[in-house]
Amino acid sequence: LQREANRLGVDVDELRKQVALEVITAHPGSYGYDVALTYWAMWSLPHVQTHAGKAEFVASLSAAGEDTLPESMGPGRSVVIVIASKLVMLVLFLGSLVAVGIGVLLLFRRRFDPLLGPAAFLAVSVHAYFLLVALLQSAQNRYPLAVWPLQLAIAGLLAARAARSIGESGS
């Protein structure tokens, strides 16, 4: 790549950018699919697998002629851990969508809720981060960890608002 960049008289990074943009322009549907897949992968933690799932994945890599396991794969885990991890991420994903939806409704109604407003802002931030990562690069398992505190804050704010609503309806 460096040799080609030198031949063309451009910087290697500029050449990489040109090639990437040409590929994206030539295949926008494939790029969109890759972005959607990467975005969902950050929510679904595909490398968190059971021992059997990991063995099946390794076998599929071998069948495809690949002999290198992705570093992010990690060890196989128990079924309980895998189900719990994926369930937590699904709940956080759905909760963040609810927070965004409520935030949009509050915005249109020109109202502010001290718990739901911040939850909506944080949820938009998390989705924007995941989308930007998906648009610009292939995600790694560690990328969702950067927004884990925000996801917990969203869940906490939604739970606090639900508890407040239940308390208000009971009195």
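This is a predicted model: local features need pLDDT of at least 70, side-chain atom pairs count only at pLDDT 80 or more; totals for chains, interfaces and linings use all residues.
Residues are numbered from 1 along each chain as its sequence is written, and side-chain values use heavy atoms, with hydrogens and water left out.

So, the fold. We have seven helices and zero strands, taking helices as DSSP runs of H or I with at least four residues and strands as E runs of at least two, numbered from the N terminus. Reading from that end, you get α-α-α-α-α-α-α.

Now the overall dimensions. The C-alpha trace spans about 75 × 45 × 25 Å along its principal axes. The radius of gyration is 21 Å, whereas a compact globule of 171 residues would come out near 16 Å; that's over C-alpha atoms, with the globule rule being 2.2 Å times the number of residues to the power 0.38.

As for burial, 27% of the 171 residues are buried. Here buried is under 20% relative accessible area, exposed is over 50%, and partly exposed is in between, with a 1.4 Å probe and protein chains only.

On to the rings. How many aromatic pairs does a search of the whole structure find? Five, counting rings of Phe, Tyr and Trp (its six-membered ring) with centres within 6.5 Å; planes under 30 degrees apart are stacked, over 60 edge-to-face, and the rest tilted.

Take Y39 and F130: their ring centres are 6.4 Å apart and the planes sit at 80°, so this pair is edge-to-face. It ties together distant parts of the chain, with Y39 in helix α3 (residues 28-44) and F130 in helix α6 (residues 116-136), 91 residues apart. Both Y39 and F130 are buried.

F130 has another partner, Y129: those ring centres lie 5.8 Å apart with planes at 50°, so that pair is tilted. Are these two buried or partly exposed? F130 counts as buried because its relative accessibility is 0%, while Y129, at 25%, counts as partly exposed.

To put the rings together: pairs link Y39, W40, W43, F93, Y129 and F130 into a cluster. If you have the model open, go to F130 in helix α6 and look from there across to Y39 in helix α3.
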